[in-house]
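Subject: Structure handover

Hello,

Here is the structure for your set-up work. Please look through it first; my notes follow below.

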Amino acid sequence: MKIVLAGAGAFGVKHLDAIKAIGDIEVVSLVGRTLEPTRVVAQKYGIPHVTTQLAEALARPGVEAVILATPTQLHAAQASACLEAGKHVQVEIPLADNWSDALAVATLQNKTGLVCMVGHTRRFNPSHQWIHKRITQGELAIQQMDVQTYFFRRSNINALGQPRSWTDHLLWHHAAHTVDLFAYQTGSPIKIAHALQGPLSPTLGIAMDMSIQLKSASGAICTLSLSFNNDGPLGTFFRYICDHGTYIARYDDLIDGKDQKIDVSRVAVSMNGIELQDREFFSAIRERREPNASIAQVLPCYRILADLERQLAEQG
């Protein structure tokens, strides 16, 4: 399968490593904001073509699909461009940074029938998959999720310590992971959602601290705390408080409430959530089916985020 990867930054590299591990996918073009840094990444991974224009990459012979690891503000428009060009597309989280754009991409996907998947990686991390399988087998029921998403950020720097051309967002990016995961793990739609935020950063223009509370139709609740002011430890920690046990997930690792590590190595063919996510995308294309984390499945998350944004705007 010949694909295009757009975005040569921190997450673009994660996808390139995942594709290398999968082994039967050919990246024929790498799209970046500027040519020289993009060319360096392309040479490292043996990618024959580089460009700053997505349309040029889409026109390459034999391209079937695209992975978008570009700035958040470009996701919706670029996903639409891929679908309009007849290409399957996986767009990194978030799908969009507003409800109208998210809905427009979903409408276009429904019209084209192409695979459009969103990078909600928590659905694929072996730690969360282990929990999900026990829930679907009737062995666990979530009573509460307590989630902490903490970073230390004073400027637009990516995960590789390189300058970003765009500003990250606690609500539309980082909260999207948990809002979607909560509904996915409980198997129940979110019926109540509330949010509070702290002061806006004079440098970045965004809230640096946020608190979100959710309740599903099943009765389960979720408390999500997010911060760009936290000076370590960094990352996201998910505490699952269930009717039979407590579990704490951090990316691909899982421990129980007594701090005992749980072996999740047999949950899937890899311990890398991004690789599992990409495998699902390529398999769905080949099998002509809807993927896990399809745009239709994750769209309710973006409606909730839009409602939370409205609440925060009303609070002033």
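Contact here means heavy atoms within 4.5 Å. Helices (H or I, at least four residues) and strands (E, at least two) are DSSP runs, numbered from the N terminus. Buried means under 20% relative accessible area, exposed over 50%, partly exposed in between, with a 1.4 Å probe and protein chains only.

The model is predicted: local features need pLDDT of at least 70, side-chain atom pairs count only at pLDDT 80 or more, and totals for chains, interfaces and linings use all residues. Residues are numbered from 1 along each chain as its sequence is written, and side-chain values use heavy atoms, with hydrogens and water left out.

Helix α4

Helix α4 spans residues 75–84 and is mostly covered. Seven of its 10 residues are buried: H75, A76, Q78, A79, S80, C82 and L83. These buried residues pack against α3 (54–58), β4 (63–68), β5 (88–92), α5 (99–112) and β6 (116–119). After α4 comes G86, with a positive phi near 80°.

Two strands pair if DSSP finds at least two bridges between them. Six strands make an open, parallel sheet in the order β3-β2-β1-β4-β5-β6. β3 (50–51) and β6 are at the edges with a single partner strand each, so one side of each has no neighbour in the sheet. Five bridges pair β1 (residues 2–6) with β4 in the parallel sense. In that pairing, I3 is opposite A65 of β4.

The hairpins

β11 and β12 (residues 245–250) run antiparallel, joined by five bridges. The hairpin between β11 and β12 passes through two residues. I241 stands opposite T246 in β12. β12 also runs antiparallel to β13 (residues 253–256), over four bridges. Y247 has D256 in β13 as its bridge partner. Two residues separate β12 and β13 in their hairpin, and Y251 in the turn has a positive phi of about 55°.

The core

A nonpolar core is a set of buried Ala, Val, Leu, Ile, Met, Phe, Trp, Tyr and Cys residues joined through side-chain atoms within 4.5 Å. The largest one has 101 residues. L95, I212, Y240 and Y302 have the most contacts inside it. Beyond four places in sequence, the contacts of Y240 include T246, Y247 and A249. Others among them are H128, I131 and L181.

Aromatic rings

There are three aromatic pairs (Phe, Tyr or six-membered Trp rings with centres within 6.5 Å; planes under 30 degrees apart are stacked, over 60 edge-to-face, the rest tilted). The F151 and F228 ring centres are 6.3 Å apart with planes at 55°, so this pair is tilted. F151 is in the loop between β7 (142–150) and α7 (170–186), while F228, 77 residues away, is in the loop between β10 (221–227) and β11 (235–242). F151 and F228 are both buried. R153 lies over the face of F151, 5.5 Å from the ring centre (the test: NZ of Lys or CZ of Arg within 6 Å of the centre and within 35 degrees of the ring normal). K14 lies over the face of F11, at 5.6 Å.

D278

D278 is in helix α8 (residues 273–287). Its relative accessibility is 0%, so D278 counts as buried. Beyond four places in sequence, D278 touches H15, A18, I19, I22, I67 and Q90. The side chains of D278 and H15 make a polar contact of 2.9 Å. Such a contact is a pair of N or O atoms within 3.5 Å; within protein, one must be able to donate a hydrogen and the other to accept it, and residues adjacent in sequence count only if both atoms are side-chain atoms.

Best regards
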